Amino acid sequence: MTITMYGKDWCGDCIRAKAYFAEHDIAYDWIDLEAHPDQTAVVLERNNGVKRIPVVVFDDDSHLVEPSNAALAAKLAELADTTTTPSPAATTSRPAAAAGGFLVTDKPEANRFEMTNDGELVGFADYRQRGTTIVMPHVETLVQHRGQGYGARLMDGLLEIIRADGRRIEPLCPFAAGHIDNDPALHDLLA
């Protein structure tokens, strides 16, 4: 798979995307727009004239702009997956991609997503299924694990699962709604 990322070394989203690729041992070509300003035309073309980076271009000529880690994971899974994704109703205890001991799992029998760190429950998100929409009234990090960014990790993992299953989310929880609102690459998941 050929991946090309256009950006600048000082860009926070570029740094995060590079770290994601490194963490998952994914090769990519880096085009530094400060060293190669002539390549800015590619960014402008992909963004309808708007300068937003990084722009990540994939083999199938699709691209993502300022993608979250969950959006990168979903796109890479889509490109790698040659089989059909099972329907959400047939899915039980489905894990999201994990890193550093963290694992987010969909527990449809309990109507919640759970996140563990090395097997210990650290947070969960309750939901109810309405067709292909996940209605999420509550996201919680257990008291002893608060203040460590686990809520954001939980959201990224569960959104990765939702995207991979072709579902959407209606975040009633203010934390969940804010997490999605702060990342334009996630707005397409909103019901």
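Among contacts in the chain between residues at least 6 apart in sequence, 46% join residues at least 24 apart. The structure described here is a predicted model, in which the chain has five helices and 10 strands. Of its 191 residues, 42% count as buried.

Two helix pairs that share helix α3 may be taken together. Helix α1, which spans residues 12-23, packs with α3 at an angle of about 45°, and the two axes are 10 Å apart. The crossing in which α1 passes α3 is right-handed. On the side of α1 the contact is made by Arg 16, Ala 17, Tyr 20 and Phe 21, and on the side of α3 by Asn 69, Leu 72, Ala 73 and Leu 76. These residues of the contact of α1 with α3 divide into six nonpolar, one polar and one charged.

The second pair joins α3, residues 69-80, to α4, residues 150-164, whose axes come within 9 Å of each other and cross at roughly 30°. Since angles under 35 degrees count as roughly parallel, α3 and α4 are roughly parallel to each other. Here too a right-handed crossing is found, with α3 passing α4. Ala 70, Ala 71, Ala 73 and Ala 74 of α3 meet Asp 156, Glu 160 and Arg 163 of α4, and the residues of this contact divide into four nonpolar, no polar and three charged.

In soluble globular proteins, nonpolar side chains tend to be buried together. In the present model, the largest nonpolar core holds 23 residues, and those that touch the most other members are Phe 113, Met 136, Val 139, Leu 158, Leu 159, Ile 162 and Ile 169. At least two residues of this core are supplied by each of β6 (102-107), β7 (112-117), β8 (120-130), β9, α4 and α5 (174-181). Helix α4 gives the most to the core, with seven residues.

Strand β9 covers residues 133-141 and includes Thr 133. Thr 133 counts as buried because its relative accessibility is 11%, which lies under the 20% limit for that class. When residues up to four places away in sequence are not counted, Thr 133 touches Arg 128, Arg 168, Ile 169, Glu 170 and Ala 191. Ala 177, placed in helix α5, is likewise buried, with a relative accessible area of 19%. The C-alpha atoms of Ala 177 and Leu 190 are 9.4 Å apart in space, while the two residues are 13 apart in sequence.

Asp 60 is found in the loop between β3 (55-57) and β4 (63-65). With a relative accessible area of 40%, Asp 60 is partly exposed, and, its neighbours within four places in sequence being left aside, its contacts are with Lys 75 and Leu 79. The C-alpha atoms of Asp 60 and Thr 2 are separated by 9.2 Å, although these residues are 58 residues apart along the chain.

Some backbone features of the loops remain to be described. Most residues other than glycine have a negative phi, and most peptide bonds are trans. In the loop between α2 (40-46) and β3, where Pro 54 lies, a cis peptide bond joins Ile 53 and Pro 54, with omega about 0°. Asn 48, placed in the loop between α2 and β3, has a positive phi of about 55° although it is not a glycine, and at 75% relative accessibility Asn 48 counts as exposed. A positive phi, near 50°, also occurs at Asp 118, a residue other than glycine. Asp 118 lies in the loop between β7 and β8 and counts as exposed, at 69% relative accessibility.

Technical notes. Residues numbered from 1 in each chain as written. Predicted model: local features only at pLDDT ≥ 70, side-chain atom pairs only at ≥ 80, totals over all residues. Heavy atoms only, no water. Helix = DSSP H or I, 4+ residues; strand = E, 2+ residues; numbered from the N terminus. Buried < 20%, exposed > 50% of the residue type's maximum accessible area, 1.4 Å probe, protein only. Contact = heavy atoms within 4.5 Å. Axes fitted to C-alpha atoms, helices over the stretch in contact; angles between N-to-C directions. Parallel < 35°, antiparallel > 145°, perpendicular 65-115°, else oblique. Left-handed = near helix turned anticlockwise from the far one by under 90°. Nonpolar A, V, L, I, M, F, W, Y, C, P; charged D, E, K, R; others polar. Core = buried A, V, L, I, M, F, W, Y, C linked by side-chain atoms within 4.5 Å.
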